[in-house]
Every structure is written in C-alpha cells, then in structure tokens.
Amino acid sequence: MLDCIAPASSLSLPVWCVTKDTFASAAVPETARRFAEAAGFGGEPGKLLLVPAAEGGLAGALFGVAAGARADAFAAGALPGLLPAGAWRLEGEVASPRLAALAFALGTYRFTRYKAAAGRDVRLVLPEGVDADALVRTVEAVTLTRDLVNTPANDLGPPELEDAARALAARHGAAFRSVTGERLLAENFPMIHAVGRAADRAPRLLEIRAGDPAHPKVTLVGKGVAFDTGGLDLKPSSAMLLMKKDMGGAANALGLAHLLLSRGAKVNLRVLIPAVENSVSASAFRPGDILKSRKGLSVEIGNTDAEGRLVLADALALADEEAPELVIDFATLTGAARVALGPQLPAAFTQDEDLAADLARHAMVEADPLWRLPLWAPYQGMLESKIADTNNVSSGGLAGAITAALFLEKFVGAARAWLHLDLFAWNPSSRPGRPEGGEAQTIRALDALLAERYG
C-alpha cells in the first residue's frame with residue numbers, strides 16, 4: 001500500500017468538507033461550527049481550519065470546497081500540504097470519494113532525485129468503496145510519468161529512456177526490442193535516424209509487446225525527444241529551459257502502458273517510442289533537406305525544430321502496417337496547441353466521432369481534461385512542397401497544431417482508428433494534486449475508455 005494511505009483500522013480525525021453555501025447546514029459538530037464562526041471561517045474553497053478538541057489536541061479540520069460547476073474533483077490534493085501529521089478521513093461534501101483519494105495521494109508527490117524534500121506523515125483512510133489496488137496502479141503510473149519528465153536530459157537521454165522502457169517491460173513480463181544507431185537505416189527508419197544522428201547518444205526505436213494476440217491490438221506511440229535544441233534552426237536559450245520535457249509523450253505512453261499491463265487489460269498491446277536528441281553537430285540534418293520516410297513519402301525540411309513529427313511519422317508508419325484496432329500517439333508537439341488551449345488542456349485529434357465522444361465523456365468523469373481540435377482537411381495545402389511529397393511545417397505559421405496533426409495523418413491509413421494527443425506534460429505552477437513539474441495527461445481517461453471498450 002502507498003505510504004500516504006492509512007489502514008482502515010487507524011485512529012483518524014475527520015476532515016469536514018464544506019461549501020460556503022452549505023456550511024451552516026452541514027453535518028459538522030456544533031462546537032466546530034461555533035469555533036469556525038469565531039475564527040472567521042466560512043467554507044471558502046481551498047481554506048483549511050484546524051478545530052481544537054475541548055480536552056486539548058485536535059477534533060478535526062474544516063476544509064472549504066467549491067460546489068456545482070466550479071467544483072474541483074482534485075481539491076483534496078491540497079490537503080497533504082495543509083494538514084498536520086496523522087491519519088485523516090474525508091467527511092461531508094465529497095463529490096467523488098475515488099477522485100478525492102487519488103488527488104490526495106498525487107498531492108504527496110515530490111521529485112527527490114537531486115534534493116531532499118521535507119514532508120509530513122499525512123495519511124488518508126480510504127473512503128468506503130474506493131478500490132485500493134486501482135488507486136495504487138494509477139499513482140504508480142502517474143509517478144512513473146512525472147519522474148521521467150522531471151529528470152534532466154544529462155541523466156535521461158535515449159539510453160536511459162530505453163532503460164526505463166526495458167524495466168517496465170521486464171516488470172510485466174513483456175517482450176522488449178531496441179533498434180539503435182545505424183540499424184535504424186537497415187530496418188528502414190530513416191527519419192528517426194536523421195533527427196537523432198547529430199547527438200553523441202545514438203537514436204533508437206523502442207518497442208514493447210504484451211498481451212493475447214487474439215485480443216484487439218492497441219498501439220501506443222510516444223514522442224521521445226530527450227532534449228530539443230531546435231537543431232540548426234536553433235531555439236533561443238529561453239525556449240530550451242523546459243526541453244527536458246520534450247519526451248513527455250514517451251513518458252505518458254509508458255504510464256498508460258503500466259496502467260493497462262498492471263490491471264491485465266484485454267488488449268494486444270504494442271508500445272513504440274522513437275528516442276532521440278535533436279542536437280547540433282556537423283552531421284545534423286538541415287533546413288531544405290529532403291528526407292525519405294518509412295512510408296515512402298519524401299519530406300522537405302522547412303524547419304529542423306519540427307523534428308518530433310518526423311520521428312513520430314516513422315513510428316506511426318510502423319504501427320499502421322499491422323492495421324491495429326486503435327493507434328494513440330502522445331507528443332509534446334506544438335506551441336500552437338498551448339497558445340490555443342494553455343497547459344492544462346491537451347489537444348485531441350481524431351476522425352472517429354465515437355472515439356472522440358467516448359474520450360470526452362471519460363475525460364470529464366476522470367477529471368483528466370482534453371479538448372478536441374479539427375483535422376481540417378483544407379489546411380493540407382499549407383503543407384505542400386514544390387519538390388517533395390510534403391513539407392514538415394506549414395507555410396505562413398497559422399494553425400500550427402492542426403497542420404502538425406495533418407502531417408502525422410499522412411502516415412496512418414490502415415488502422416481502424418487513430419488518436420493524436422498534443423500535450424504539454426508539465427504543470428507551470430502547483431495546483432491541488434498537481435505539483436509544479438512533469439505531469440501525466442490523458443492517461444487516466446484513456447485507461448477508463450479502454451476498460452469500457454475491451455475490458
């Protein structure tokens with residue numbers, strides 16, 4: 001069990017969750033209500049008031065939460081940083097005990113690889129009916145994702161990303177394969193090789209396979225750019241500060257893989273991660289180069305800083321060759337998606353209306369948000385090249401997230417359904433249950449969707 005979860009038999013104190021509107025009528029002891037009124041507490045969202053016991057010590061705590069459309073299912077994620085040490089239990093206005101418990105557990109996350117983080121021994125007794133095993137699986141998956149994204153590129157390059165994928169495969173008894181360096185050319189992954197060849201750590205394609213071949217094939221593809229300088233179209237230094245997170249797509253793919261494998265999902269799972277660094281050296285690919293792709297399409301390089309879609313294209317082409325039931329790719333792909341939707345809302349692209357509707361429903365239920373953007377076919381013309389089958393960037397710089405998705409769509413055709421997720425994988429500032437730093441996005445919603453569809 002997680003350290004932040006207390007046994008049901010523990011002596012615990014209540015956290016009375018109340019709203020501003022219902023505080024006066026909430027099931028809170030009268031002594032606690034009178035103390036709160038004297039202290040000026042009125043159930044304001046995010047506010048905590050410790051309530052003393054008559055004989056000394058604590059009787060419990062009052063915690064303000066929002067109601068209705070403004071309610072935050074993750075509000076309880078603030079409690080580990082507010083409560084004193086001890087075992088606590090949630091009472092009162094808790095819309096989803098399951099999500100509240102998850103938020104509490106995720107709110108205890110600290111990245112401590114390089115610096116110790118002081119913490120208090122704050123534990124939660126799980127609300128009745130909450131599946132402890134499911135909670136542990138989810139926290140493990142999110143922690144794996146966060147740790148990978150938070151690790152700087154000097155300690156997490158393509159080889160270390162391979163180590164993480166290999167360890168995950170070994171944990172679940174899955175098959176693992178890595179195609180590295182010049183073998184990429186021999187096995188026809190020319191764009192993965194081109195993007196990664198300038199780095200001193202060799203590019204590679206990582207593959208995990210697990211599950212019953214008789215089950216529906218679900219393939220996850222994650223952009224694994226361990227660091228992105230922009231290549232010869234060099235980023236300014238300010239734009240490089242967060243580029244350790246450019247492998248956030250790979251981290252989220254591995255996080256979802258852990259969720260599926262640990263619960264024995266009835267899918268034939270394949271995970272593909274093109275792991276590279278986009279570096280600068282004499283062997284770097286150049287603006288104006290024309291690259292051959294695995295699919296056979298020629299790609300003119302309009303900008304070397306649009307490298308993620310190149311490595312994804314080769315991996316997607318490989319995934320598509322098996323005509324899977326569903327292909328999902330994860331990528332920290334475009335600044336345009338962040339301008340449009342901000343850091344909290346990943347952009348989702350698919351032509352499958354049922355998939356889009358089901359995913360939106362689960363995203364709402366799981367408090368794991370995303371927003372669908374259109375694969376607007378008329379914008380294909382922005383990717384035209386006079387000397388190659390396509391350019392890797394659009395002319396004019398408009399609709400950048402959409403044209404990037406349209407570029408990827410060129411490499412998927414046989415799969416029954418394809419979903420592209422353009423995510424940020426990072427919290428710029430802390431929110432309840434979501435500390436500043438690397439973040440898992442969309443994987444809980446996708447796990448719920450796949451459980452509903454396939455079991």
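This is a predicted model: local features need pLDDT of at least 70, side-chain atom pairs count only at pLDDT 80 or more; totals for chains, interfaces and linings use all residues.
Local features need pLDDT of at least 70, side-chain atom pairs count only at pLDDT 80 or more, and totals for chains, interfaces and linings use all residues. Residues are numbered from 1 along each chain as its sequence is written, and side-chain values use heavy atoms, leaving out hydrogens and water.

User: Are helix 2 and helix 3 parallel or oblique to each other?

Analyst: Helices are DSSP runs of H or I with at least four residues, and strands are runs of E with at least two, numbered from the N terminus. Axes are lines fitted to C-alpha atoms over the stretch in contact, with angles from 0 to 180 degrees between N-to-C directions. The axes of helix 2 (residues 97-106) and helix 3 (residues 132-150) come within 10 Å and cross at roughly 40 degrees. Angles under 35 degrees count as roughly parallel, over 145 as roughly antiparallel, 65 to 115 as roughly perpendicular and the rest as oblique, so the two helices are oblique.

User: Which residues in helix 3 meet helix 2?

Analyst: Contact means heavy atoms within 4.5 Å. On the side of helix 2, the residues are Ala101, Leu102, Ala105 and Leu106. Their partners in helix 3 are Leu135, Thr138, Val139, Val142 and Arg146.

User: Which residue in strand 6 is the bridge partner of alanine 87?

Analyst: Two strands pair if DSSP finds at least two bridges between them. Strand 5 (residues 86-92) and strand 6 (residues 122-125) pair in the parallel sense over three bridges. Within strand 6, the partner of alanine 87 is arginine 123.

User: Which are the edge strands of the sheet?

Analyst: The open sheet has six strands in the order 1-6-5-2-4-3, with mixed pairing. Those pairing on one side only are strand 1 (5-6) and strand 3 (48-52).
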